[in-house]
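Please open the model in the viewer and keep the selection tool at hand.

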Amino acid sequence: MKILCLYPNNDGYFRCPVGLTLIMTILKKEGHEVKLFDTTFMAAEDNNDDVVRQKSGSVKSPPISTTHLYEKYSDERIIAIWLETIQNFKPDVIAASILEDAYEFCGTLLDSAKKNFDIPVVAGGVTPTLSPYIVIEHPSIDMVIQGEGEVAFKELCIALKNKSSLSEVPNLWYKKNGEIKKNKLVRYMDINKLPNQTLDFWNKNHFLKPFDGKMYKAGFFEMSRGCMHKCHYCFNRYMQIGLDPNEVGKYRRNKTVDTIIREVLELNKKMNYGLILFTDDNFLGRSFAEMDEFYERWAKEVKIPYWHNTCIETLNERNLPQLKKSGCIGISIGMETGSEWIRRNVLLKGNMPNKMYYEGFKMMAETGIRSTLNVMIGFPGEYEEDHFETVKLSKSIRSIDKNLTSHSIAFVAPYAGTVIHNICLDLGLMDTDYKPGYRGLCKGITVMKEPVINNPCMTKERTIELYYNFADYINGKKEIPKKFLETDSERHFAKNDLKNIEIYKLYAEYKNGPRDINPTNVVERKNYIKHTKDNIGLFSSSPK
Ligand code: B12
Ligand code: SF4
């Protein structure tokens, strides 16, 4: 079989995605001819993420420019190259990997392919996993693989090649005689059994990584999948509860230390990496004993600097010196807010007080490890007063050591499959799409360019202003207004405010996780919907 994979990346974020790489690796090993169409360096002028971060003061000046890596083509030219690629390669199937930000752009490419060729199109990735009901309605998408694609897509290719029934292909949603069919889900796999990544598909620019004023050649590896937290804005909550009822809670899995060391050493022979970036959501969320083995073996056998994301409660006085000694040069932490009330009730981020964040960042600086503090602005129900709690905590964290700490701010975005999306849809807080294939999604979703949520507790204009002033407030260039200097831990400002009562009730009612959207219930509405007892989950087809 000839398989044309599509990586529709229109914002220029480079870094080769581990998920699609694994899928392509497996297909190639199965004997298929695999080609990749990747728009990363042709659809953008620069990495938008970096550009916006520079504008918001999150990236140190002077930043390392990556503009020369890009050639901004018009959409027409990209479509022409895309169609030419299909014409020349003559694939038996087109397979797109989709994140929500790039879905609309992906749809444009798939529409042009459908218009000109009769080739089956399958979609996989985070958005089709969290919203198969929505994506399968897309006129240019014939099949959706929900969840992990390693086993499912391999099986689908076998069925397509043999022209056998699709009904046994796991995780598959497909259309038959105008009806949507949904197959059983395969169990979460043992991630130690995955093959090592074949990287030849990717443009070599994907392996560049500017870090701390230097450009590195970077490798991307996963040592675990999933996270045990229940955050209302994150896709992990859906992965814990939203797929197979028999697999609830089993999404979080670890690779053994042996597996990861073997994988990195093997690829390093060819790649000669200067930096390893782990894509895990919660790198240290595993036993001390395993991590002790990791530190020891990494320092002896791998000896390459590494960087990771983890949760604040996983850091302590015991593991930080070990991390440093073994070569960890950077850690990224999602703090998201400085308001403990918002963190607990709106984000559902668990019981992690501000003190824990401050102490964690202090320990990282004392150990000499660079840290990044990630925060967000614009949660429905978040007030300016709450945001200034974020400003104050971030300011004190950055003051620990300006050189070893950095920060990044993003707008909250209602990604489908999260509680934030459920709430935005229930209350009409976003510009909703009503086209088949996109029905119920937030139009123009982004975490970097602008706020896409109409938060009744803070205007969009003020949210933008606070976003762009964030760096100045925490660097002391702008003074924090007097009225926000003192913390009102009782949140008197929010008491008796009718605007938030319904929102806070909804957060509590969605405590058990997000609910699936039933796109047929999503009908055009213009205004904010008043929440009543009866309309909670108005759009949800299957309460969990
Ligand atoms: C590394 C990373 C990146 C990398 C690589 C992106 C990528 N496509 O993998 C970079 C830096 C480029 C990136 C950028 C962004 N990211 Co990011 N990123 C991640 C992160 C932390 C890890 C991704 C990963 O490697 N996962 C492990 C692999 C194995 O899983 P996977 O990619 O989902 O792939 C599996 C399945 O989805 C499926 N699959 C995937 N593709 C295909 C294709 C086919 C045909 C099939 C059948 C199956 C299939 O099979 C794979 C193997 O099981 C995830 C969080 C996470 N843990 O997943 C966020 C995440 C994917 N990112 C997210 C976001 C929002 C962004 C950005 C918009 C914002 C930003 N500034 O970070 C940009 C958007 C980029 C774009 N193209 O539009 C969100 C996506 C939300 C959504 N609903 O779309 C996530 C889920 C974070 C979160 N907690 O919400 N990101
Ligand atoms: S801690 Fe981070 S990765 Fe884990 S669920 Fe929350 S946001 Fe997602």
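Begin by selecting ligand 1: domain 1 (2-182) and domain 2 (212-535) both contribute residues to its shell, so ligand 1 lies between them. The domain bounds come from an automatic or database domain assignment. This is a predicted model, in which local features need pLDDT of at least 70 and side-chain atom pairs count only at pLDDT 80 or more, while totals for chains, interfaces and linings use all residues. Residues are numbered from 1 along each chain as its sequence is written, and chains are lettered from A and ligands numbered from 1 in the order in which they are written.

Next, display the 37 residues around ligand 1, of which Pro17, Gly19, Ser97, Gly124 and Gly149 come nearest (a residue is near if its C-beta atom, placed from the backbone, lies within 6 Å). By class, this shell comprises 19 nonpolar, nine polar and nine charged residues (Ala, Val, Leu, Ile, Met, Phe, Trp, Tyr, Cys and Pro count as nonpolar, Asp, Glu, Lys and Arg as charged, and the others, Gly among them, as polar).

Then select ligand 2. Around ligand 2 are Cys227, His229, Cys231, Cys234, Asn236, Asp281, Asn282, Cys311 and Gly334. Four of the residues in this shell are nonpolar, four are polar and one is charged.

Finally, select Cys424. Leaving aside neighbours within four places in sequence, Cys424 is in contact with Pro380, Pro414, Leu429, Met430, Cys442 and Ile453 (contact requires C-beta atoms, placed from the backbone, within 7 Å).

How values were computed: Contact = placed C-beta atoms within 7 Å.
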